[in-house]
Amino acid sequence: EILIYSYNGIDYLAKDVSEKTVAEIEERHDEFPGVTTDVQPIRKYIDGSYAAHVVGYVRAISGEEYNELKSSGYLMTDTIGKIGVEKAAESFLRGHNGIRRTEQDIVGRVTAKLAGDPVKPGSDVILTIDMDLQKVAMDSLAERIRIIREQADYKTNFGDANAGAVVVLDVNSGEILAMVSYPTFDPSEYVVNQPEFNRAIQGTYAPGSTFKPLVAIAALEEGIITPDTVVYDSGILDVDGHKFICLEYRQGFGAHYNLKLDRALATSCNIYFHKVGVDT
């Protein structure tokens, strides 16, 4: 089984130990035969909580993952990307293990270093994320959720917000400039499962007002309206027995009355797009 599962013969008794502990182990090799110290590379996530869902994290390979990837050279002791870019770009980021050959005495102390094969680092993966914009999006979303929860009036604000997502696209290229999901987590210290859910790409939500420009485009392409077509908003519209109410009218700000497309988009007028959608 050792040969089949590529066990490397190393059991880690402790990780992230202090320099004092390392020094004491090295000085007392004769009392701890077979116990050695070594340096292990780890991921360092700069501002990790701001882009945790995008970047993802690495953890120990699971049994299922090992069975799937062992033919590609993975070992049972490997770490592997679990979500986000860490998972999607695993094959690019991984690199190749090296081989270190040493001679050791009877208690495990290294007495000589022999020729070996160097480690081959993986490739760099560069994202389109603008980190300054990413931070603004995350901080703004967290602050808005805080305000909603703390300033509830139970009329227009029920104080029930506890999560959200923001995605910012470059309209010219389609590149994703920011993608945040709240609540977030620190990928270096991640323990619980719930924050792992990426609401920006895994959640299913009603499109809301983001669908209105699509209605406008369809109506323009079909010749139902022009940018100068005037549509009247009285605040309420009945379509086949279903009553639709303009958001500002519902909140007591009155109707928009006569609107052209530019003002309809600027005010996100429900009635304008309901009428245009029905006609289209």
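I began with His53 and found this residue in helix 2, residues 52-55 (helices are DSSP runs of H or I with at least four residues, strands are E runs with at least two, and both are numbered from the N terminus). The model is predicted: local features require pLDDT of at least 70, side-chain atom pairs pLDDT 80 or more, while totals for chains, interfaces and linings use all residues. Residues are numbered from 1 along each chain as its sequence is written, and side-chain values use heavy atoms, with hydrogens and water left out.

I looked up the accessibility of His53: this residue counts as buried because its relative accessibility is 8% (buried is under 20% relative accessible area, exposed over 50%, partly exposed in between, with a 1.4 Å probe and protein chains only). I then noted that the His53 side chain reaches the backbone oxygen of Phe197 at 3.4 Å.

Next I turned to the nonpolar cores (sets of buried Ala, Val, Leu, Ile, Met, Phe, Trp, Tyr and Cys residues joined through side-chain atoms within 4.5 Å). The largest has 15 residues, of which Cys269, Tyr272, Phe273 and Val276 touch the most other members. I recorded that helix 8 (212-221), helix 10 (261-267) and helix 11 (270-279) each supply at least two of its residues; helix 11 gives the most, with four. Leaving aside residues up to four places away in sequence, Val276 touches Val215, Ala219, Ile225 and Val231 (contact means heavy atoms within 4.5 Å). I also listed a second, separate core of seven residues, among them Ala137, Leu141, Ile145 and Val180.

Lastly, I located Val125 in the loop between strand 4 (110-117) and helix 6 (131-150). Val125 counts as partly exposed because its relative accessibility is 35%.

Note on methods
Polar contact = N/O pair within 3.5 Å; in protein donor to acceptor, adjacent residues only side chain to side chain.
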